[in-house]
Amino acid sequence: MKTEDLTSSEMVGKDIKKVLQRHRLSGNCHMITFQLEFQILEIQTKENLSSVITDLNIIMEPTEHSELSEFVSRAEERRDLLMFFQSLHFFVEWYEYRKHTFKYFKEKYPDTVHLSEGPCSQSMEVRSTSRPGFGLVIVWRIRIDEEGKVSPKLDLLTKVPQRALELDKNRVIETAPLSFRTLLGVLGIEAALECLIKMLCTENN
């Protein structure tokens, strides 16, 4: 930390003290490393002491998480350190939960579950062991909204032969993504994923 006294002679006469603090700190939250540079302007009068962040620069190592780069830009623009730390904490919590969940299902159903990038994948493919060409892809993103609130966003994609689509008169395949959202709301993430996997497993057909 470095400090600079900005108090003018006119301010001294009015018992006002103005100090600019320059801070630099680095740290990490699990797999994410960051460095912060920010300035705090303190103004002290007889009655009170006020402080405000006047500049914020966040430096992060290259990451595959596009959500984080957008979020960092918003935090810098708002000069909101509290939002940065809180949102980063909850983002990492969801990231670790997704990683643990995908790893669990891969180990439990090794022939059915496929992770293109290992447990760190953002998507999990579930392939039918009895009907080649049939599969489901669960895309699990971690979203950070304008206010810094972190939440999971799961979508279902279907991978089926064209002939199956033509025979699907009840539009089960077409409405599967919407049905999956309903399932998530009723069962929760882990139970909903297990339900889909069992549906495509040979031993549960």
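How many aromatic pairs does a search of the whole structure find? The search finds eight aromatic pairs, where rings of Phe, Tyr and Trp (its six-membered ring) pair if their centres lie within 6.5 Å, and planes under 30 degrees apart count as stacked, over 60 as edge-to-face and the rest as tilted.

## Model and conventions

This is a predicted model, in which local features need pLDDT of at least 70 and side-chain atom pairs count only at pLDDT 80 or more, while totals for chains, interfaces and linings use all residues. Residues are numbered from 1 along each chain as its sequence is written, and side-chain values use heavy atoms, with hydrogens and water left out.

## Chain overview

The chain has six helices and eight strands; helices (H or I, at least four residues) and strands (E, at least two) are DSSP runs, numbered from the N terminus. Their order along the sequence is β-α-β-β-β-α-α-β-β-β-β-α-α-α.

Of the 205 residues in the chain, 34% are buried. Buried means under 20% relative accessible area, exposed over 50%, and partly exposed in between (1.4 Å probe, protein chains only). Among contacts (heavy atoms within 4.5 Å) with a separation of 6 or more, 43% join residues 24 or more positions apart.

## Aromatic pairs

Trp94 and Tyr97 both lie in helix H3, three residues apart, about one turn of the helix. Their ring centres are 5.7 Å apart and their planes at 70°, so the pair is edge-to-face. Both residues are partly exposed, Trp94 at 25% relative accessibility and Tyr97 with a relative accessible area of 26%.

Tyr97 also forms an edge-to-face pair with Trp140, at 5.7 Å centre to centre and 75° between the planes. Because Tyr97 lies in helix H3 and Trp140 in strand E7, this pair ties together parts that are 43 residues apart in sequence. Trp140 is buried, with a relative accessible area of 0%. Elsewhere, Phe34, Phe71, Phe84 and Phe85 form one aromatic cluster.

## Nonpolar cores

A nonpolar core is a set of buried Ala, Val, Leu, Ile, Met, Phe, Trp, Tyr and Cys residues joined through side-chain atoms within 4.5 Å. The largest has 23 residues, of which Phe84 and Leu88 touch the most other members. Two or more residues of this core come from each of E3, E4, helix H2 (66-78), helix H3 (81-108) and strand E7 (135-144). H3 gives the most, with seven residues.

Beyond its neighbours within four places in sequence, Leu88 contacts Cys29, Ile32, Phe34, Leu68 and Phe71. A second, separate core of 22 residues includes Leu115, Phe180, Leu184 and Ile197.

## Met83 and its contacts

Met83 is found in helix H3 and counts as buried at 6% relative accessibility. Not counting residues up to four places away in sequence, Met83 touches Phe71, Arg74, Ala75, Arg78, Glu146, Glu147 and Gly148. Met83 and Gly148 are 65 residues apart along the chain, with their C-alpha atoms separated by 6.1 Å.

## Second largest pocket

The second largest pocket holds about 200 Å³ of space. A pocket is an open set of points on a 1 Å grid over the protein atoms alone where a 1.4 Å probe fits, with protein on both sides within 12 Å along at least five of seven lines; lining residues have an atom within 4 Å of a point. Grid points are joined across faces, edges and corners, and the volume is the space filled by probe spheres set on the points.

The lining consists of Met1, Lys2, Arg22, His23, Arg24, Glu37, Phe38, Gln39, Asp55 and Asn57. Strand E2 (17-29), strand E3 (32-44) and strand E4 (49-60) each supply at least two of the lining residues.
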